[in-house]
Amino acid sequence: MKNFAIAVVVSLLLGTGAAAQDTADADDIVARANLAAYYSGDDGRSEVRMIISDAQGRQQRRQFTVLRRDISDGGDQQFLVVFSQPSDVRGTTFLVDKHIDSDDDRWLYLPGLDLVKRISAGDKRTSFVGAHYYYEDVSGRHPGDDVHELVETGDQHYVLRHVPKDPGSVEFASYVTWIDKTTWLPMKIEYSNASSEVYRRVEVLEVQDFQGHPTVVTSRVSDVQGGGQTDMQFRYIQYDLGLPAELFSERSLRNPPRQWLERAAD
Amino acid sequence: MKSPPLLLFLLSSLPAISFGQEDLWSDDDWGEEDQASRWSGFIEAGLGTRFGNDPLIAGRSTLEEIRWRLESEWRPGHYAIGFKGDAAYDRVENRWTGDLRDLTIAFTAGKSTDVNLGRQVQTWGTGDLVFLNDLFPKDFVSFFAGRDDEYLKAAGNAVRVTLYAPAVNVDFSWTPVFEPDNYLTGERFSFFSPLAGGNVAPSPPLSAIEPSKSLSNGEFALRLFRTVESREYAIYAYRGFFKQPNALTETLQATFAPMNSLGASLRQPAGPGLLNAEISYYDSRDDRNGSDPRIPNDQFRFLTGYEWEAKANFTVGLQYFLEWTLDHDALIDNSPYPQYEADEFRHLLTNRLTWRTGRDKFTWSLFSFFSPSDHDFYLRPVFAYRRDDQWSVTAGANLFDGKDEHTFFGQLQDASNAYIRIRYHY
């Protein structure tokens, strides 16, 4: 009995498997979805590549490795992003200290100038390295920044609508999220403008299980009105590597930690 | 890289719903584990011209070159060997030039000390195109001619050792042979000479006397730094020389005066943006009382800046910079050319506006320097278009003007130019 209770608690924390309760309230669902999407394990590693397609069909590529460490589940986190492609951004690194009760701290290292550039806090709903993804999509939007409302409870998804508390700080008027009732992963997000037209869509195209954590391995962001999209693929995913806190520092910006960036032998 | 037609074919021939990752990326792999030993770089053509004539310099061309960049990295064992070099044919100076920007061997000593030996670009400090405690070599000629911003920082031969510790990180850089800035020589741009009482473009170009290559003439730079709850603190020290040839030998040849400096900086979030402040004291070792007119005086430098995103994709940066020349009375009393000496307080304001559109494909920026005390300015509008991962185009201008010829930007009023660069990355 005790073991069963622990299993339930663990699976709730990890966002896996727990039978969803249809009576769950919106904030609770968002909290679980946030954990499922951004807090799997105590830390994680993934290689990411993006194909950025503009409305004319022209394509660009990006490839990078992300290391993440949670300070607490649902709380502060650290991210390190190290680019390997294309050639003009290779060696560029990006460090985020994500804070729940204050603005995130973000630094970019530009190897050509040996420059550690700090990025101001406001600058987050803008393109991440030319993609349709935003800086904020990399580390996650704070659940406390929006007011959440459960709109519909379907067989597979909770459908929630989110309205920003500070409309001046974002480009959307609201967004709607489809959250998988089994995995708690947000499977689709549609952003609407002031005229209630959907102009941006994030979709999860494939989920796989890694070390017991359902994990997005393919996703897409579409510019619904202007055309164009960014496809994103995640590979070589590992959780609970035991990443040390010191990894997320100026040292790693200048000198990326090869030990943790290398792929594990399969 | 992969052939775009194949990708386009794939994209158009597959129904949207079946865009499995394998289909979309089927013509690519994730690359070798060690992406290191691959060669990359770019080829760039640049063309720039003066708006008017500089009566001292033949030809209007300020940039006319083809540049080839090659870079790679190898990781034998626990070492990393980096290489980054340019070869260029420069028609303004009518010669082939090489610029070795990086040739280093890097390794970690013990657990928490990183060592980087060799030719490298180094940067620290909080200023945006304004430097106080960053006394690593700079290339103002490239900057004024419209080469990529990267070239403002020149490479130097150095030993860099960084010790990371919980209490404070220690960053030490030793440059055994003094590396001056790439200063104005009169080859591409003329410059003001107090002796001549106006601009000059000597032939052969100015070649300042450099300190002898003794161990004691090496440059030592130290930075102690730490980040505490979003605040970045740093303390700096330097022993070496002024980086510009702003001193004269006894035979009145341009040279570099010995200098020590001590400084500190702070950078932190404030309101919607970032606030930075930096101070530095320049100790002119050979002219501490300021009475030797051949040698620059001690100086106190102060900088504060604020940068924020005023609206999405539009960033504004403001800086105030002060150069306070100490013992100014002694300087004026002893100077043969008091009318050309710097004011006791040189104030400089800068403004950076950056507007990115089309998901960063287009970057419109304007950097302005304006000195209310020197009555001069320097405007740097730049438009950059990144067409794709291969092609990019940058066009811009460097506009200088001033009331007097002897101020920093005033001397460059005949150097105002516009340029365009086209780059292909491989």
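**Entry 1. A residue in chain A**

In which strand of chain A does Tyr236(A) lie? I began with this residue and noted that the model is a predicted one. Tyr236(A) belongs to strand E13 of chain A. I looked up its backbone angle and found a phi near 50°, a positive value in a residue other than glycine. Most residues other than glycine have a negative phi.

**Entry 2. Chain A as a whole**

I listed the secondary structure of chain A and found five helices and 13 strands. The radius of gyration of chain A is 18 Å, close to the 18 Å that the globule rule gives for 266 residues, so chain A is as compact as a globular protein of that length. Along the principal axes, the C-alpha atoms of chain A fill a box of roughly 55 × 50 × 35 Å. I noted that 41% of the 266 residues count as buried. I also looked at contacts in chain A between residues at least 6 apart in sequence; 44% of them join residues at least 24 apart.

**Entry 3. Helix H2 of chain A**

I checked the length of helix H2 (residues 26-38) of chain A. Its 13 residues, at 1.5 Å a residue, should span 18 Å, and the end C-alpha atoms are 18 Å apart, which agrees. Which residues of H2(A) are buried? I found Ile29(A), Val30(A), Arg32(A), Ala33(A), Ala36(A) and Tyr38(A). The cover over these buried residues includes strand E7 (146-153), strand E8 (157-164), strand E9 (174-180) and strand E10 (186-192) of chain A.

**Entry 4. Where the chains meet**

How many residues does the contact take from chain A and from chain B? I recorded 40 residues from chain A and 39 residues from chain B. On the side of chain A that touches chain B, at least two residues each come from strands E1 (43-53), E2 (59-70), E6 (115-119), E11 (198-210), E12 (213-223) and E13 (229-239) of chain A. Sorted by class, that side of chain A has 18 charged, 15 polar and seven nonpolar residues.

**Entry 5. Chain B as a whole**

I turned to chain B, whose secondary structure comes to four helices and 22 strands. Chain B is divided into domain 1 (1-30) and domain 2 (31-425), and the C-alpha centres of these two domains lie 44 Å apart. For 426 residues, a compact globule would have a radius of gyration near 22 Å; chain B has 24 Å, which agrees. The box filled by the C-alpha atoms of chain B is roughly 80 × 55 × 45 Å along the principal axes. Buried residues make up 35% of chain B. Among contacts in chain B between residues at least 6 apart in sequence, 54% join residues at least 24 apart.

I followed strand E3 (residues 80-90) of chain B into strand E4 (residues 95-109) of chain B; they pair in the antiparallel sense over eleven bridges. Trp96(B) in E4(B) is the bridge partner of Tyr89(B). The hairpin of E3(B) and E4(B) has four residues between the strands, and Asn94(B) there takes a positive phi near 50°.

What does E4(B) pair with over seven bridges? The partner is strand E5 (residues 113-120) of chain B, again in the antiparallel sense. Ala106(B) stands opposite Asn116(B) in E5(B). Three residues lie between E4(B) and E5(B) in their hairpin, and Gly110(B) in the turn has a positive phi of about 65°.

I looked up Ala310(B), which has its place in strand E16 (residues 299-311) of chain B. Ala310(B) counts as partly exposed, because it has 14 C-beta neighbours inside 10 Å. Leaving out residues up to four places away in sequence, I found that Ala310(B) touches Thr315(B) and Val316(B).

Arg359(B) is found in the loop between strand E18 (345-357) and strand E19 (362-371) of chain B. Its phi is near 50°, a positive value in a residue other than glycine. Arg359(B) is buried, because 23 other C-beta atoms lie within 10 Å.

**Entry 6. Cis peptide bonds**

Most peptide bonds are trans. I found the bond from Gln85(A) to Pro86(A) to be cis, with omega near -5°. Pro86(A) is in the loop between strand E3 (77-85) and strand E4 (93-98) of chain A. The bond from Ser203(B) to Pro204(B) is cis, with omega near 0°. Pro204(B) is in the loop between strand E9 (198-200) and strand E10 (219-228) of chain B.

Methods
Residues are numbered from 1 along each chain as its sequence is written. Chains are lettered from A and ligands numbered from 1 in the order in which they are written. This is a predicted model: local features need pLDDT of at least 70, side-chain atom pairs count only at pLDDT 80 or more; totals for chains, interfaces and linings use all residues. Domain bounds come from an automatic or database domain assignment. The radius of gyration is taken over C-alpha atoms; the globule rule is 2.2 Å times the number of residues to the power 0.38. A residue is buried if 20 or more other C-beta atoms lie within 10 Å of its own, exposed if 12 or fewer, and partly exposed in between; C-beta atoms are placed from the backbone. Two residues are in contact if their C-beta atoms, placed from the backbone, lie within 7 Å. Ala, Val, Leu, Ile, Met, Phe, Trp, Tyr, Cys and Pro count as nonpolar, Asp, Glu, Lys and Arg as charged, and the others, Gly among them, as polar. Two strands pair if DSSP finds at least two bridges between them. The expected span of a helix is 1.5 Å times one less than its number of residues.
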